[in-house]
Amino acid sequence: MPHPPIIIPDVGKGKEQVANATITACTQAARDAAGLGCDTIVLFSPHAPLYRDYVYVYGGNELTGSLASFGAPETRYVFPSDVEFQDTLIALLEGASIPAGTNPVQELDHGALVPLHFIREAFSIPVCIVVVASAAFSSEKQYLIGTLVQKAALALNRRVCIIASGDMSHKVNSESPYGAVPAGAAFDRKILAALESSDCASLLGIDAELREKAAECGYGSIVIMCGAFDGIPLETHLLNYEAPFGIGYCVASFLPGKTTGSASKLKDRSDEAKDRSDLRVRIARLTIEQCIQHRRMTSLAELDSLCDGPEDIAVLQTLLHETAGVFVSLKKAGDLRGCIGTIAPTAANVAEEIIRNAVHASTMDPRFDPVRVDELSLLVLSVDVLGTPEPIASQNDLDPARWGVIVSAHGRRGLLLPDLEGVDTIDEQLSIACRKGGIDMSKAFLIERFLVTRYR
């Protein structure tokens, strides 16, 4: 559920009607929740106090708050708190080496109050509430928090409804007071597509850079929601989406279901991915698995076993006889987990180039620790095969969607692949490439472009 205070009549004072479809959907979602007969509502808010090393839980026997800071001091809320669930969840978090605790004097933030406004209207008797910060953690750790909510519910035999509070992109269109960027609408489209197809793997795989450019505040809550369904088939229903003020408001329901597009622990459909991915990606995955699990290098003779039919055999023959620069990229829960590549060929053939760079990306990227065995099934891989770089006469010869770029000056080089989510302009592309190479953009530097074929 979204949380714009303007959709509360005492705040909107008539302006809320612009988002009437959102109000209707929130009302329906709250009624649906009431119909589930839940014992406790656990709400995750991105506007609760956020920490990078601590999960904040609103404490006390009652949870209170008002919309005074939004011009409606008379609009106050009081909810009974499920203290036993609070304490159980905190204990489970601490047991998972995630520091957590409460502060009983803090009033609820608007990220909690706006969804709870509709809950209060829909429930005939007050329902116990637990409100938790969605935490400034990695997606992997947020997912873990969700699994601990499930564990607490099972331990206490509670029927629990979870509310993932959050707005989508704050930069969807020109109506936004924050300005519009292409990444805003792109992020929201990805969320909607995943919800419409009950595809939890796609939800969890949204790129971190795209999320940042979109200026969203709901993704962490969604990841926690997915974690709470760990091991359970998930069925999603998109109730409404609109962006009347340039900010995406999405209302959807998550229910246990029989669909196969969801579910277990960030696994990104790894078994299916092995069957359907390009041969180059299968080579990279086999290499990483053998390196991490068995401490051995994949040999070229083993690649025949990855071929499924004459097309793969033909591709393999090409990989064994051609040379090219190659980048191997690893992502987990949408976040980069490793990326190493070569601008020009360094091996006898493309297959060997993939094998070498897959090992390096999983074990030698200086930005990350080596991949662990327990992470292997969570990795989403891509392989980029580079064309020959060529100098350009003008920046107008670049296109971030089509051409990769190499910048160089005084012995330093920076490279950026093309068609990256959130990189929409030539200036953005050059700025990032220069930053990667430690090159001063205000001074002269050489620019080369290259084509890339990306395999997934």
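**Close-up A. Helices H11 and H12 meet in this predicted model.** On the H11 side, the residues in the contact are Leu279, Arg280, Arg282 and Ile283, and they meet Asp312, Val315, Leu316 and Leu319 of H12. H11 spans residues 279–294 and H12 spans residues 310–321; their axes come within 10 Å and cross at roughly 70°. That angle makes H11 roughly perpendicular to H12. If you sort the contact residues by class, you will find 5 nonpolar, no polar and 3 charged.

**Close-up B. Helices H5 and H9 cross at roughly 45°.** Here the axes of H5 (residues 139–156) and H9 (residues 219–228) come within 6 Å. The two helices are therefore oblique to each other, and their crossing is right-handed. H5 brings Ser139, Gln142, Tyr143, Ile145, Gly146, Thr147 and Gln150 to the contact, while H9 brings Tyr219, Gly220, Val223, Ile224, Cys226, Gly227 and Ala228. By class, this contact of H5 with H9 divides into 7 nonpolar, 7 polar and no charged residues.

**Close-up C. His3 makes side-chain polar contacts with His47 and Ser165.** Look for His3 in the segment before helix H1 (9–12). Is His3 buried or exposed? Its relative accessibility is 1%, so His3 counts as buried. The polar contact between the side chains of His3 and His47 is 3.1 Å, and the one between the side chains of His3 and Ser165 is 2.8 Å. Leaving aside residues up to four places away in sequence, His3 touches Pro46, His47, His110, Gly111, Val114, Pro115, Ser165, Gly166, Asp167 and Cys217.

**Close-up D. Ser198 has a positive phi in the loop between H6 and H7.** The phi of Ser198 is about 50°, although this residue is not a glycine. With a relative accessible area of 6%, Ser198 is buried.

**Close-up E. Ala215 has a positive phi in the loop between H8 and H9.** Ala215 is not a glycine, yet its phi is about 55°. How exposed is Ala215? The relative accessible area of Ala215 is 25%, so the residue is partly exposed.

Notes: Residues are numbered from 1 along each chain as its sequence is written. This is a predicted model: local features need pLDDT of at least 70, side-chain atom pairs count only at pLDDT 80 or more; totals for chains, interfaces and linings use all residues. Side-chain values use heavy atoms; hydrogens and water are left out. Axes are lines fitted to C-alpha atoms, for helices over the stretch in contact, and angles run from 0 to 180 degrees between N-to-C directions. Helices (H or I, at least four residues) and strands (E, at least two) are DSSP runs, numbered from the N terminus. Angles under 35 degrees count as roughly parallel, over 145 as roughly antiparallel, 65 to 115 as roughly perpendicular and the rest as oblique. A crossing is left-handed if the near helix is turned anticlockwise from the far one by less than a right angle, and right-handed if clockwise. Contact means heavy atoms within 4.5 Å. Ala, Val, Leu, Ile, Met, Phe, Trp, Tyr, Cys and Pro count as nonpolar, Asp, Glu, Lys and Arg as charged, and the others, Gly among them, as polar. Buried means under 20% relative accessible area, exposed over 50%, partly exposed in between (1.4 Å probe, protein chains only). A polar contact is a pair of N or O atoms within 3.5 Å; within protein, one must be able to donate a hydrogen and the other to accept it, and residues adjacent in sequence count only if both atoms are side-chain atoms.
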